[in-house]
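Please walk me through how to read a predicted protein model. I would like the general idea of each feature before the case at hand.

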Amino acid sequence: MKFCTVKQYFDDENNNNVTNGIATTVIPLPNKHLKIKANNKEMEQYEQELLRNVMPQELTKLILAANYLNFKEALDFFCRTVANAIQNKSVDYVRKFFGLESDFEPGEEEKLCKEFAWSFEGVDED
Amino acid sequence: MRICKARRRSFTIPNDLIEDILSRLPVKSLMRFKCVSKAWHTLISSRQFAKSHFQRASQNPSCMNVLVFTDNRVLSLGYEALFQTSVHGQPVDVDFQGFPLWGEEYVETNLASCNGLVCIELYNRRKRTSEYLVWNPSTKSYKNIPRPTSTPDSKSCWFYRFGFGYDYSTDDHKIVRPYQIFPFDIKRIEIFSLKTFTWKTILVDVDNIYNCSLPLTPKTTYCNGAIYWSALKYGKPSIIYFDLAEELFHELPWPESVLYCVRDGSSGKCFYTTGLWELGIFGEHLCLSVCTGESRKNLCVQLWVMKESWTRLATIPYLGTCLRPMCVSKNGEKVLMRETQVKCVGITGECYYKLVEWNLTDHTCTSILCDPNPRMEAATYVESLYLQ
């Protein structure tokens, strides 16, 4: 791994939460990944564990860390985890997750929701 | 354009990563998330995103679905329903509001699919005319295709089986209809571009292979930018294909070692298996399924795939039916096939279709859906955002 990049990241960011996040999650990943690379089931279990222990919003920080470190496997893993986490969620949940606000005109959003009403069926409760 | 804004001075996921995350989502989620914001609506509706989403989905065998038209119902079977080890899942009834389904006896429905879209041909047997529709079962959107303006009178020409394919060079889905005008024996091909939404006709070059071959096929196959027809060239089975980017016909010879003529042991006569072969798909490759053998009593079905050259994939028992490979399970062990059985009624034969699954390792065959049915059409499709 690129240790100089890691050091730079620690020096740049003052936020302790991020540093902790990296230390506990991202750094051990290469070893974990190598160990369980061949076994998809184990990777799935690890993914479930990660989802339970880490708040969804934390995933954002992990993604940024992995992106900065150019750590492709971790990035792929985290993106996949986020996708699985939001797949069956409501529009409001997704907005909160990414820190977005609706910028539609008042009638526009209702129109869209009606047009794609079938896609709202079976969505998880917030 | 920022597609992710943070409320506090915290962390923002860059646009390209948001796109990465979204490109992994199923179409149903994406259609819903069009309501998240204007930027997300624009992104999800964009052609470029549809392309990258499709590229990812096509690499994932779990995104493969099978569409079945039978008994006035339209059913969809997902990957789990097809290749689950224990019980096969139930097909889902597809809601098809305001869509002119075949209902009349004299209308024949034919399907062709490629890259996430399904092309439906409604052939009116009385008038000998065809109407086309292009449908995306994932987004539930469809488009009626206008009639070609320059089609000659159906009495003076013969249309061969239509094909539907994707042109990589122009990022375009196309419908092709080769035809022949009697008595001049000139072959032409009509091409519809979904992008320009217009038809055009190309005259086939006299020296071109297509003029020497007679397309036989009850169904065309799309594979990697070309459309394939089974053909007969000077009495021998052959394969002709139309490259959508070049707009030219080429010939693909049969695997050399496959016998298409099987000797009848007792009479010494030749039994041609030219009626007992089909082209299909195995993974991303063209697959030839052919009934062959040393003698008439010793027949089997061989599956060959076209990679750099023809490679024999498997040999399975011949059960008196013709098999068209449609899709394969993740581990390559199970193949879904459309089985055609010809039942003789007096002097005519009628075709009955069924979906079956062959296990290539233990040579077992399971019926997936339907009792043999003369009006069953099936096509595979991958979830996509083309046509929303």
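Q: What does chain B average in pLDDT?
A: pLDDT is the predictor's confidence in each residue, on a scale from 0 to 100. In this predicted model, chain B averages 84, and 84% of its residues score at least 70. For the model, ipTM is 0.77 and pTM is 0.85.

Q: Where in chain B does pLDDT stay under 50?
A: Residues 5-9 of chain B stay under 50, and the model has eight contacts for them beyond four places in sequence; a contact means heavy atoms within 4.5 Å. Where pLDDT is low, the predicted coordinates should not be read in detail.

Q: Which conventions apply to the numbering and the values?
A: Residues are numbered from 1 along each chain as its sequence is written, while chains are lettered from A and ligands numbered from 1 in the order in which they are written. The model is predicted, so local features need pLDDT of at least 70 and side-chain atom pairs count only at pLDDT 80 or more, whereas totals for chains, interfaces and linings use all residues; side-chain values use heavy atoms, leaving out hydrogens and water.

Q: How many helices and strands are in chain B?
A: Helices (H or I, at least four residues) and strands (E, at least two) are DSSP runs, numbered from the N terminus. Chain B has five helices and 28 strands.

Q: How much of chain B do buried residues make up?
A: Buried means under 20% relative accessible area, exposed means over 50%, and partly exposed lies in between (1.4 Å probe, protein chains only). Of the 388 residues in chain B, 53% are buried.

Q: How many salt bridges does the structure hold?
A: A salt bridge is a side-chain nitrogen of Lys or Arg within 4 Å of a carboxyl oxygen of Asp or Glu. Over all chains there are 18. One of them joins A:Asp76 and B:Arg24, with the closest N and O atoms 2.7 Å apart. This pair crosses between chains, from helix α6 (residues 72-86) of chain A to the loop between α1 (15-22) and α2 (27-33) of chain B. A:Asp76 is partly exposed at 31% relative accessible area, whereas B:Arg24 counts as buried at 19%. Both belong to a network of salt bridges that also includes A:Arg80, B:Asp20 and B:Arg56.

Q: Which parts of chain B does the salt bridge of B:Glu121 with B:Arg161 tie together?
A: The closest N and O atoms of B:Glu121 and B:Arg161 are 3.8 Å apart. B:Glu121 lies in strand β5 and B:Arg161 in the loop between β8 (157-159) and β9 (163-167), so the pair ties together parts 40 residues apart in sequence. B:Glu121 is buried at 7%, and B:Arg161 is partly exposed at 23%.

Q: How many aromatic pairs are there over all chains?
A: Rings of Phe, Tyr and Trp (its six-membered ring) pair if their centres lie within 6.5 Å; planes under 30 degrees apart count as stacked, over 60 as edge-to-face and the rest as tilted. The count over all chains is 18.

Q: Why is the pair of B:Trp254 and B:Trp277 edge-to-face?
A: The ring planes of B:Trp254 and B:Trp277 stand at 90°, with centres 4.9 Å apart, so the pair is edge-to-face. B:Trp254 lies in the loop between β17 (248-252) and β18 (261-263), and B:Trp277 in strand β20 (residues 277-282), 23 residues apart. Both residues are buried.
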